[in-house]
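This briefing is meant to be read with the model open beside it.

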Amino acid sequence: MSDTENNIRGNHPISSIMQLSEKIVEAKRLVSKAKRITAFTGAGISVDSGIPDFRSEGGLWERFDPHEYATIESFMQNPTKFWTMGRELVETILKAKPNSAHKSLAKLESDGKLIGIITQNIDNLHQAAGNKKVVELHGNYLRAYCIECKVEYVGDAIHQRVASGIIPPKCEKCGGVLKSEAILFGEPLPERAMAEAVELCRSTDLMLVIGTSLSVYPAAYLPQLAKNSGSQVVLVNLEGINRDSVADIILRGRASEILPKIVD
Ligand code: NAD
């Protein structure tokens, strides 16, 4: 028995075990039939790579109140607080490697079935797994810019400075404070990424929604947009979420265990 089934057995009656395996067979059928698959991913897909999500038990929000650490207002008032949290998150991200869920999506793309990934993650793990078409709605930890002169910084050099205690990091040209490209609460989403995401939602025939609580808007509306445009939706998540009703099939379990089963 896999860990997934163990998880299910721990929380649900035996009939749910049957249901899960039946649902996996059905999801696999949808994947093999689909021609234009899109994945919509959140922090949960990277949990098995060692990066905690935000809202689950033990997640980042338990220690860092988002109102205090992750809004654009709090950043402008006190960037040191943001970078203190950022330092901890980035230390974890730098050690992380793509897990089997990321790799399954890379395989779907190289097989010519996946037309793109829309991600809320900033961890770069889809690209590390080999995916080429990745739309990042919330930015990428590897990019930062100066809030004064707007010069851009790419790569992990900023994080090395932060890791050595230089918080907040400052611009080498004008001395302004650097802001990570990661989108904070209260900031608009990048227009181009949002337009690309909408385009993917409109042209996909199967959306795999993986490891997201679908509680951050407007990103959380995208699976519904795909559904309204005629796509089927398969949801892979460890726990029930408010927007479960958007899904044709719900697979409750760990993404790293379920994805290989429906893709291979
Ligand atoms: P979230 O924390 O709100 O929800 C994560 C969901 O994933 C939860 O419902 C949880 O049950 C589920 N989950 C946890 N482990 C799982 C697993 N192994 N397999 C399948 N599902 C699992 O995250 P969100 O919806 O992505 O929204 C939070 C915001 O947090 C996003 O904007 C994102 O930018 C940011 N974030 C990103 C990272 C990252 O880049 N890895 C990490 C933490 C937070």
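The points below are grouped by topic.

The structure is a predicted model, and its chain carries 12 helices and nine strands. With a radius of gyration of 19 Å, close to the 18 Å that the globule rule gives for 264 residues, the chain is as compact as a globular protein of that length. The C-alpha trace spans about 60 × 40 × 30 Å along the principal axes of the chain.

**Domains**

- The domain assignment places 1-50 + 98-140 + 188-264 in domain 1, while domain 2 is made up of 52-95 + 142-181.
- Between the C-alpha centres of domain 1 and domain 2 the distance is 27 Å, and the contact draws 14 residues from domain 1 and nine residues from domain 2.

**The contact between the domains**

- The size of an interface is often expressed as the accessible area that is lost when the parts come together.
- For domain 1 and domain 2, the area buried between them is about 910 Å², and 51% of it falls on carbon and sulfur atoms.
- Four residue pairs are in polar contact between domain 1 and domain 2, with both residues of a pair at pLDDT 80 or more; on the side of domain 1 that touches domain 2, the classes are four nonpolar, eight polar and two charged residues.
- The count of salt bridges between domain 1 and domain 2 is one.
- A salt bridge joins the side chains of E136 and R143, with an N to O distance of 2.9 Å.

**Salt bridges in the chain**

- Side chains of opposite charge can pair when their charged atoms come close.
- The count for the model comes to 13 salt bridges, taking a Lys or Arg side-chain nitrogen within 4 Å of an Asp or Glu carboxyl oxygen as the criterion.
- The side chains of D48 and R254 form a salt bridge at 2.7 Å, N to O.
- Because D48 sits in the loop between β1 (37-41) and α3 (60-63), and R254 in the loop between β9 (249-252) and α12 (255-263), this pair ties together parts that are 206 residues apart in sequence.

**Backbone details**

- Most peptide bonds are trans, and most residues other than glycine have a negative phi.
- The peptide bond from I167 to P168 is cis, with omega near -5 degrees, and P168 belongs to the loop between α9 (157-163) and β6 (178-180).
- A cis peptide bond also runs from Y217 to P218, with omega near 0 degrees; P218 is found in the loop between β7 (206-210) and α11 (222-228).
- N124, although not a glycine, has a positive phi of about 70 degrees, and N124 lies in the loop between β2 (114-119) and α8 (125-129).

Notes: Residues numbered from 1 in each chain as written. Heavy atoms only, no water. Domains from an automatic or database assignment. Contact = heavy atoms within 4.5 Å. Buried area = accessible area lost by both parts, 1.4 Å probe. Polar contact = N/O pair within 3.5 Å; in protein donor to acceptor, adjacent residues only side chain to side chain. Nonpolar A, V, L, I, M, F, W, Y, C, P; charged D, E, K, R; others polar. Helix = DSSP H or I, 4+ residues; strand = E, 2+ residues; numbered from the N terminus. Rg over C-alpha atoms; globule rule 2.2 N^0.38 Å.
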